Amino acid sequence: LEIPHLAGLHEATPELRERLAGVFGEAHEILAWSLGLLALGHAAMALQHHFMSRDGLLLRMQPTPMSALALGSGLLVVVGLLFLTPHRAETSADIRSVDGGWPIDASISEIAYAGEHAGVRFRGTFGAWSVQFQPDESDFSRTVLDVRIDTASAGDGDPLHDETLREGEWLDVLKYPEAQFRLQEVQLGDAGSHELTGTLMIKDHVQTIGGLELNATDDGYVISGKLTLDRGHFDIGMQSDPSGDWVSRRIDVEVKA
């Protein structure tokens, strides 16, 4: 059940959000205890009517067919809201190679990310990205690999996750519409398998990463690998969740192209 942000508070300063969190947290605690006391008082008065006043009030409170029908209808509405809320339709993938580069097979290519939110595992993909890949078989050190990723295309199928991920504190897709991986070094290996090292830039934060491999096949080349990133290094979600209490700081990334 998606709950919208309150009055744009997700874009407020950390100081204001922390101050309001204290006020609302204390108010929530007071109201919760008040509701509990009211419920106990209500039950006590019903028992007083039944055992002391003996006016038959408690017996008259038994559900009628109409009240049972209303209660059942209400439960159906709640179940519908919780489990039948439609998710946003999946957008078609836009995975392509830059003109003049090695052609990419979009049907088997994927850039995926995974982590945990509130203890529940999620897995999403970037639906739009482009690759400029120009292998130099005579000297692999001169191989060109440049990947541009459309940050707004990230999604795991949960509207709350997807919309939050696009916001300024997270990927900030309006200011930073692209993330980029650029090859720096090719470490030659045996049997046509080579290790790739490059720089990953997200939101103007750059980190050198490894974990990718370039493998020669009968049909051409396959770039693949698994790596783990700390979202804190790229200033992703560090205002509201710097310690990873809700969204894990370690994000697993899997690449195949």
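User: In which element is the place of Phe 51?

Analyst: Helices (DSSP runs of H or I, at least four residues) and strands (runs of E, at least two) are numbered from the N terminus. Phe 51 has its place in helix H1. The model is a predicted one: local features need pLDDT of at least 70, side-chain atom pairs count only at pLDDT 80 or more, and totals for chains, interfaces and linings use all residues. Residues are numbered from 1 along each chain as its sequence is written, and side-chain values use heavy atoms, with hydrogens and water left out.

User: Is Phe 51 buried or exposed?

Analyst: Buried means under 20% relative accessible area, exposed over 50%, and partly exposed in between (1.4 Å probe, protein chains only). Phe 51 has a relative accessible area of 53%, so Phe 51 is exposed. Together with Leu 47 and Met 52, Phe 51 makes a nonpolar surface patch of about 360 Å². Patch members have over 30% relative accessible area and no salt bridge; like charges are joined within 9 Å, and nonpolar side chains (Val, Leu, Ile, Met, Phe, Trp, Tyr) within 5 Å. The areas come from the Shrake-Rupley method with a 1.4 Å probe, and for residues only the protein chains shown count as cover.

User: What is the confidence of the protein on average, as mean pLDDT?

Analyst: pLDDT is the predictor's confidence in each residue, from 0 to 100. The mean for this protein is 86, and 90% of its residues reach 70 or more. Over residues 85–91, however, pLDDT is below 50, and this stretch has 8 contacts in the model beyond near neighbours in sequence. Where pLDDT is low, the predicted coordinates should not be read in detail.

User: How many salt bridges does the rule give?

Analyst: A salt bridge is a side-chain nitrogen of Lys or Arg within 4 Å of a carboxyl oxygen of Asp or Glu. The count comes to 10. One of them joins Asp 146 to Arg 148, at 2.8 Å from N to O. Arg 148 is partly exposed because its relative accessibility is 31%, whereas Asp 146, at 9%, counts as buried. Asp 146 also meets Arg 182, at 3.4 Å. Arg 182 lies in strand E7 (residues 178–187) and Asp 146 in strand E5 (residues 144–150), so this pair ties together parts 36 residues apart in sequence. Arg 182 itself is partly exposed, with a relative accessible area of 43%.

User: Which side chain does Asp 241 meet in a salt bridge?

Analyst: The partner of Asp 241 is Arg 231, at 3.3 Å from N to O. Both residues lie in the loop between strand E10 (220–230) and strand E11 (250–256), so the pair ties together parts 10 residues apart in sequence. Asp 241 is buried at 5% relative accessible area, and Arg 231 is buried at 3%. As for bridges that share partners, they join Asp 146, Arg 148, Glu 178 and Arg 182 into one network.

User: With which residues is Val 247 in contact?

Analyst: Contact means heavy atoms within 4.5 Å. Leaving aside neighbours within four places in sequence, Val 247 is in contact with Glu 116, His 117, Trp 170, Arg 231 and Asp 241. Val 247 lies in the loop between E10 and E11 and is buried, with a relative accessible area of 14%. Its C-alpha atom is separated by 45 Å from that of Met 45, 202 residues away along the chain.

User: How many bridges join E7 to E8?

Analyst: Two strands pair if DSSP finds at least two bridges between them. E7 and E8 run antiparallel and are joined by 7 bridges; Gln 180 has Met 201 in E8 as its bridge partner. The hairpin of these strands has 5 residues between them, and Ala 191 takes a positive phi near 55° there. E8 is also joined by 9 bridges to strand E9 (residues 205–217), again antiparallel. The turn of the E8 and E9 hairpin has 2 residues between the strands, and Lys 203 in that turn has a positive phi of about 55°.

User: Where is Thr 199 found?

Analyst: Thr 199 is in strand E8 (residues 193–202). At 18% relative accessibility, Thr 199 counts as buried. Not counting residues up to four places away in sequence, Thr 199 touches several residues, among them Gln 180, Arg 182 and Val 206.
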